[in-house]
Amino acid sequence: MAETEAAVSRPHQHDTREAVLFGGVYGSVLACSMVAALTQYGHTSRDSRRYDAAWLLVTALASALAHGYAHYIAERAPHRRWDVLRTLADEWPLVAAVVPTVLLLAGAGWGWWPANGVEYSAFVLNIILLFALGVVTARWSHRSWAWAMGIGLVDAMLGAVVVVANAVIK
């Protein structure tokens, strides 16, 4: 009985590995989707790439806040004063996963590399991140290398689906 009361009195704590996998996959797929959506009309100027980078970061922050808030209210247990901040802070992997794409787009906006076609590099970057996240988390779970590579490929396919959908829609 005491064990049940203790479990009810504290909110669910997410495992760091679980948070990294979820946030990383969510953030990478979000980055692919946003890049596809923001480049739909072919705006490839340096100004538009800086704009794209800013919108991607704002969207990731809003998604992290919404997801953290949803976790907070879904846990129907009494909360302590700072639990909401802890729950929101647990969403850092989602934001961290979009930072490489934000830097890629911002770099194109700052003239570090051509702004035209940078979305293809962003797609490749996110597909590689998805693959790496799948492999690393599978290995953390003590899966064999064969299973880890398979899981990495499935994760990478999430990004590839966004790329293919973008090509079909255009």
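Reader: How many aromatic pairs does the count come to?
Author: The count comes to five aromatic pairs, where rings of Phe, Tyr and Trp (its six-membered ring) pair if their centres lie within 6.5 Å, with planes under 30 degrees apart counted as stacked, over 60 as edge-to-face and the rest as tilted. This is a predicted model, in which local features need pLDDT of at least 70 and side-chain atom pairs count only at pLDDT 80 or more, while totals for chains, interfaces and linings use all residues. Residues are numbered from 1 along each chain as its sequence is written, and side-chain values use heavy atoms, leaving out hydrogens and water.

Reader: Why is the pair of Trp 110 and Trp 112 tilted?
Author: The planes of Trp 110 and Trp 112 stand at 55°, with ring centres 5.1 Å apart, so the pair is tilted.

Reader: And what about Trp 112 and Trp 113?
Author: That pair is edge-to-face, at 5.7 Å centre to centre and 70° between the planes. Ring pairs link Trp 110, Trp 112 and Trp 113 into a cluster.

Reader: Is Trp 112 buried or exposed?
Author: Trp 112 counts as exposed, at 55% relative accessibility; buried means under 20% relative accessible area, exposed over 50%, and partly exposed in between (1.4 Å probe, protein chains only). Trp 110 is partly exposed at 45%, and Trp 113 is partly exposed at 34%.

Reader: Moving on, which residues make the nonpolar surface patch?
Author: Tyr 51, Trp 55 and Val 58 make a patch of about 320 Å². Patch residues have over 30% relative accessible area and no salt bridge, with like charges joined within 9 Å and nonpolar side chains (Val, Leu, Ile, Met, Phe, Trp, Tyr) within 5 Å. A salt bridge is a side-chain nitrogen of Lys or Arg within 4 Å of a carboxyl oxygen of Asp or Glu. Areas follow the Shrake-Rupley method with a 1.4 Å probe, and for residues only the protein chains shown count as cover.

Reader: Where is Trp 55 placed?
Author: Trp 55 lies in helix 3 (residues 46-74), and Trp 55 is partly exposed at 39%.

Reader: How many helices and strands are there?
Author: The protein has seven helices and zero strands, taken as DSSP runs numbered from the N terminus (helices H or I, at least four residues; strands E, at least two).

Reader: Where is confidence lowest?
Author: Confidence is lowest in helix 1 (residues 2-9), at a mean of 47, and highest in helix 5 (residues 92-109), at 94. The protein's mean is 84.

How values were computed:
pLDDT = per-residue confidence, 0-100.
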